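Please open the structure in your viewer and keep the selection tool at hand.

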8 protein chains.
Amino acid sequence: MKLEQSQKLLFIGDSVTDCDRVKPEGEGLFGALGKGYVANIDALLQAVYPELGIRVVNKGISGNTVRDLKNRWQEDVFEQKPDWLSIMIGINDVWRQYDTPFIKEWHVYIQEYEETLWQLVAETKPLVKGLVLMTPFYLESNEQDKMRKTMNQYGRVVRKISEEANCQFVDTQAAFNEVLKDLYPATLAWDRVHPSAAGHMVLTRAFLKEIGFIWNR
Amino acid sequence: MKLEQSQKLLFIGDSVTDCDRVKPEGEGLFGALGKGYVANIDALLQAVYPELGIRVVNKGISGNTVRDLKNRWQEDVFEQKPDWLSIMIGINDVWRQYDTPFIKEWHVYIQEYEETLWQLVAETKPLVKGLVLMTPFYLESNEQDKMRKTMNQYGRVVRKISEEANCQFVDTQAAFNEVLKDLYPATLAWDRVHPSAAGHMVLTRAFLKEIGFIWNR
Amino acid sequence: MKLEQSQKLLFIGDSVTDCDRVKPEGEGLFGALGKGYVANIDALLQAVYPELGIRVVNKGISGNTVRDLKNRWQEDVFEQKPDWLSIMIGINDVWRQYDTPFIKEWHVYIQEYEETLWQLVAETKPLVKGLVLMTPFYLESNEQDKMRKTMNQYGRVVRKISEEANCQFVDTQAAFNEVLKDLYPATLAWDRVHPSAAGHMVLTRAFLKEIGFIWNR
Amino acid sequence: MKLEQSQKLLFIGDSVTDCDRVKPEGEGLFGALGKGYVANIDALLQAVYPELGIRVVNKGISGNTVRDLKNRWQEDVFEQKPDWLSIMIGINDVWRQYDTPFIKEWHVYIQEYEETLWQLVAETKPLVKGLVLMTPFYLESNEQDKMRKTMNQYGRVVRKISEEANCQFVDTQAAFNEVLKDLYPATLAWDRVHPSAAGHMVLTRAFLKEIGFIWNR
Amino acid sequence: MKLEQSQKLLFIGDSVTDCDRVKPEGEGLFGALGKGYVANIDALLQAVYPELGIRVVNKGISGNTVRDLKNRWQEDVFEQKPDWLSIMIGINDVWRQYDTPFIKEWHVYIQEYEETLWQLVAETKPLVKGLVLMTPFYLESNEQDKMRKTMNQYGRVVRKISEEANCQFVDTQAAFNEVLKDLYPATLAWDRVHPSAAGHMVLTRAFLKEIGFIWNR
Amino acid sequence: MKLEQSQKLLFIGDSVTDCDRVKPEGEGLFGALGKGYVANIDALLQAVYPELGIRVVNKGISGNTVRDLKNRWQEDVFEQKPDWLSIMIGINDVWRQYDTPFIKEWHVYIQEYEETLWQLVAETKPLVKGLVLMTPFYLESNEQDKMRKTMNQYGRVVRKISEEANCQFVDTQAAFNEVLKDLYPATLAWDRVHPSAAGHMVLTRAFLKEIGFIWNR
Amino acid sequence: MKLEQSQKLLFIGDSVTDCDRVKPEGEGLFGALGKGYVANIDALLQAVYPELGIRVVNKGISGNTVRDLKNRWQEDVFEQKPDWLSIMIGINDVWRQYDTPFIKEWHVYIQEYEETLWQLVAETKPLVKGLVLMTPFYLESNEQDKMRKTMNQYGRVVRKISEEANCQFVDTQAAFNEVLKDLYPATLAWDRVHPSAAGHMVLTRAFLKEIGFIWNR
Amino acid sequence: MKLEQSQKLLFIGDSVTDCDRVKPEGEGLFGALGKGYVANIDALLQAVYPELGIRVVNKGISGNTVRDLKNRWQEDVFEQKPDWLSIMIGINDVWRQYDTPFIKEWHVYIQEYEETLWQLVAETKPLVKGLVLMTPFYLESNEQDKMRKTMNQYGRVVRKISEEANCQFVDTQAAFNEVLKDLYPATLAWDRVHPSAAGHMVLTRAFLKEIGFIWNR
């Protein structure tokens, strides 16, 4: 287990991370962490490693792109002083290109995406004990689907930055692909983006595996 | 124009037809016909053929399959005594096989679908002046997608019944396919099923074309 | 078709234009364009000319007079940089003279109406590729009705400005008059102002005809 | 003053009478009589003739036609045992012919209107000390307006029955016509049917005048 | 009738005047004047003197004392430029002394009441064509009741100022006393302060009598 | 202390007893006993005599008269099998005579009141270990007030029945009179009926005194 | 893994099982299984064993005791025909003895608990492929706490029945005790009964361990 | 009785004091003091000592620690100029250490607690006629419980400050302990912190005893 005693683990991202978390704090009692993978991870850390006292904070905001993250990075990351940081961003950067194709200023194309994410990682890596990069994903089995192909490109950017900056890396698309062999995408998400409880468990397992969590201690 | 003076045109179907229509009447003032293709058709008939005095009734109910239609056919079709009837059903019959695969009794497989639809058409055709069969559809461009393939099979059943029973036929999937050449499915429906206003206009045009409506009279 | 690839078409006006559009953006997913003629026009442009990628923005605000438009013109028109602009204003300018006759400062009389509208058109015409002026209207068949007569005067102002400034012109009152031959005004609007879905289709058709839209491409 | 000590005065009618009265009682504390002419009449009777102890009951129901009154006459009139009864009905009987012209079964044509009203009056007159018939009305100044003409015909039916059955008669249309000389209809009612507070005062005065009420006792 | 063509008549006061009027305007369509005596007066002026075009504005605010009126006099009276002004204030000035006796700073004793009201009247009288002073009141029949006695003292202050400043004067307590001969206070107001519809008609009649309104013109 | 180990103490009455208790049970967690004197008594019994384990049930219903109690006596008293019963009824029996004087069937005059209450007491006394009769009250200091005089008569009926049937007796009016020497009625109840928290403490103390409760055990 | 292809796994219990599940179905899309351990188990089964197609149904109802389960057993268990059944009941049976000690009929004492649970198990065991008994629990670390001691007794009844009837057995109290070594009870549940997300993960892990679930397949 | 004529008694604290009081005033009509011990004390002072005219103000705010009190002391204590002040604080200072152990900055440890409370008392004592210090409490019978032990330590700090500063002292924990001999904690508070109505009566009695209140004057 890579997390250590009393560390603060902060998640930042879009609606998949947000999941109705309490705002602005992003932590506390009564479901403050929302209903998604962040809440699952916190719950499993408390249930299986209660002695570690890991503090989890959720700073996801629905609809965010990497451009939005940059704008709130000072307040929501630097000032929070996390020991570990996890970033999952990019779904809206891609999605807006496909669901509102005529509103160009809502699109974050791949060059801006890469440069911005790179900058955020570069500035933050020296300040944290661990940095986890999670790819964006799209719950579409057809690899030839246009939006799936774009999402894969953004995912490869994440992998590349992760390798260059020596981060922990979680390939969420790969994790989902395993399940999509048996289940049609609509079972996991009507809109192919917002996961069901099962989908959030896929993300939960993929993250925990990367940080060395052991289910049967 | 196939519709004649003072005729009653009744639509029955699922959520795509329903679209928040007022219940139980399905007609009246103040948006009683809902916000979908039925309301569009009524609006265009009044706007372009006001002298015909066509009476439109919406009997769509969200979530319905052909099995549900059968159960309420006596009340919602026979007792309404429509001059024209339009049926669009089958999306949920197929969808439940893909979004809740483990709950088998919610699935309506193709044999039951065909037999039930055939029975309803056979019993009703002699009582009406016109009967329009609209195929179910799926806003997925990939023809190899499993659910799209199933939906196509159900659509072929509708075409076959339409031909055998000598009904008006509207191939909604074909109409959408035209638009999907230029627009990604998410532009027309996040969940690939419930159409945006643009999607309802596609259905509106396809229906009106079949009944001989002329835009520039 | 006068609209060209990727152009932005902005509508400004009062409650007939507004129709519950999302504020302040006036565009986006999930019915952001409201439920009136603007949404219809957008839907038909996407359904029939999907390859053009026309971007529609709705900046109508309920209760507005031309005096209100002037106050928000900088933000809601100039800063939006539309390629095409459509203006329909004047109903409240007239209506307040008849429904709240004792509150004089709510009335916009014809001289102020003409000067203000003229100024807005003059300043904007050079900046756009197309400018459509739609008359205000009143769903009253009796040409001798006092308010109908006043509305006709305002409509003639719109026509005059349109001709002098060389704009596209839509005579909405004339379009409604066609339908009012067959339907009593209360069928289209209980208050003779806010149109039913059918009434919005009358506006939709009148606008689309002016810009060269073809229903059966 | 024709009302006497401790008499019960019951009003029956449609939405103009109803005006948010409490249901089903139609009397009691805290605005139970609604916000329209019935409440005004009760308030003026208490304020000016407090010693009479007149009991006012409101049995108006929105949307009612004379056909609806007939269906609830036993419960809402006979079982209430009023000393005085006031009936104002007919607006919806006429309005539905003009706002939903295609839904014929919602229309109550003049023959049914006359026969039904006549029957109700004939059966009730012997049981009460006073019976007031109020005409339906339409806040439209143009006498040639189609709906106004129809409403006038229904009003003449009320006058005729009133004379033949020897009832008190209130010509509400005539009372409104006085005001409409100075005010445009929209000042009194956006939809020309549901009166403003001023419109309800017109009804109040017309009724009270007929029963001999004196403002300055 | 003392009011003349197109004059603006403004009412200011506490909850008895307020009665759910729309804020901040205090005038307009759709019951903007509230549900109390102000709305009644406006309705009767429109119904009986429609040709005068009197404009009524309601600036009552619940809970106000004369101290509160002073604080908003500039905005709510002077800037409104009324032709006629009506003031009814003092109920809360007295009531707080009896319902929250321990919170002294909520009480407005008679000296402050008189000085403040006098100042407001003195500054405003020269600017208006008519100024009506209405006494506060208490719906308690027992003249020996402590709060009733205090209210009478405040009422005498209003009478005195009215005489000295040569204003129109309405003795609301006297008007209610007439009715209280026949009705127990609880019939007109459960809390002896907020009048029922009948109580508001008592106020309405008392005011209209003072300004020369004639019911049967 | 007259209450003994594990006894059930049931209160029945009108809105003063009800005070938003949970329905239909009238007992349980989370404020199920409402916010009035019943909740206070229960709270003090638990706080001061926790070892007794007294079970308190609240069966008050707003608006009830003794006539209503009779109708629900079987279910709400007999079937509950209380050890002790407390009855406080009569306020609405009297109040309706004064706040809705024209609706005679809502009044319960003193003969019916006495006969009904006597019957309920006579049938129930043999079945319980203790029966407490609380008088109705009216928070009006003026003994000559008409409604206060009537309430006193009803209170004397309660005293008489209490003596004849050998019940515990609580003179609530007398208890309030003590406080009214120092506080004006509006401090304890705006409508002179529904007590403030202080008023409910007066009732609480009067009841507890009668059953031998000792504050400083 | 003891669960096999396409089996139906039904959970029954109280609020810990219920957790806002959809009623009456207890299965379906959009969080129909609630937010507790049942939803977690379903999510993990889909995420890790998607090929098995396990169907999970939640029939928990807040506040239920074993007495309530008996009353709805026919409908909610037998008619559902589950392959596997999991029962967790007893918390309210015990809790009511401690939070509402005076309302004896709400208590289910240990003899009734044992007999009823035994009967349900005995009748159901032959009809299912697997039956899991989960103990009730109490998140109190002090073993001498009275309610904790009682809960332990009920837990021993569950263990005994489980052994005698040869069921799967989950000692939830033991699972929680592990975590309570490090965390104070209030971290897991303010009221020591309704678990936080972390508490539900403890239940989830304990259940899954018993049925042979493997996290890292 | 230590309170004297017309004194102002102000309570400050956390949610136990707050109990839905009206904000920001903390006094007035209609339950402005909330539903807890402050409202009880006010009600008993009015009911038993109405001639004293004690003014009670509630400045409790849910979730507050002594750190929060310090931040609002100027506005909520000094500017209120109370004659008597009662402080009950410390529950959240302790609770956060046990329910959110990982969020350290929410904890107020005992040194900061003592210094802050001491400073507030020292600055305020000279300005008031009486100062009451109430200990925080925890409704847990087990003296060895970790949180109970911590709470006891904080309670001892309050006692010590009270003695050194010569304040009135209320040992709320001791008062509850008396009741906890007979009742299990869950009867008084599900979460062992927020008291039931009975719990608030325990606080009420303990406070009133300290200030010399006599129940049977």
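Copies of a chain are superposed by least squares on the C-alpha atoms of residues with pLDDT of at least 70 in both. Select chains D and F: a rotation of 90 degrees, with 0.1 Å of shift along its axis, superposes chain F on chain D (RMSD 0.0 Å). That is the relation of a four-fold axis. Next, select Lys23(F), the residue of chain F that comes closest to the rotation axis, at 16 Å (C-alpha).

This is a predicted model, in which local features need pLDDT of at least 70, side-chain atom pairs count only at pLDDT 80 or more, and totals for chains, interfaces and linings use all residues. Residues are numbered from 1 along each chain as its sequence is written, chains are lettered from A and ligands numbered from 1 in the order in which they are written, and side-chain values use heavy atoms, with hydrogens and water left out.

Now select residues 91–99 and 146–164 of chain F, which are helices H4 and H6. Helices (H or I, at least four residues) and strands (E, at least two) are DSSP runs, numbered from the N terminus. The two helices pack at an angle of about 150 degrees, with their axes 10 Å apart. H4(F) is therefore roughly antiparallel to H6(F) (an angle over 145 degrees, on a scale from 0 to 180 between N-to-C directions).

Finally, select Asp83(A), in the loop between helix H3 (66–76) and strand S3 (84–88) of chain A. Is Asp83(A) buried or exposed? Asp83(A) is buried, with a relative accessible area of 19%; buried means under 20%, exposed over 50% and partly exposed in between (1.4 Å probe, protein chains only).

Technical notes. Angles under 35 degrees count as roughly parallel, over 145 as roughly antiparallel, 65 to 115 as roughly perpendicular and the rest as oblique.
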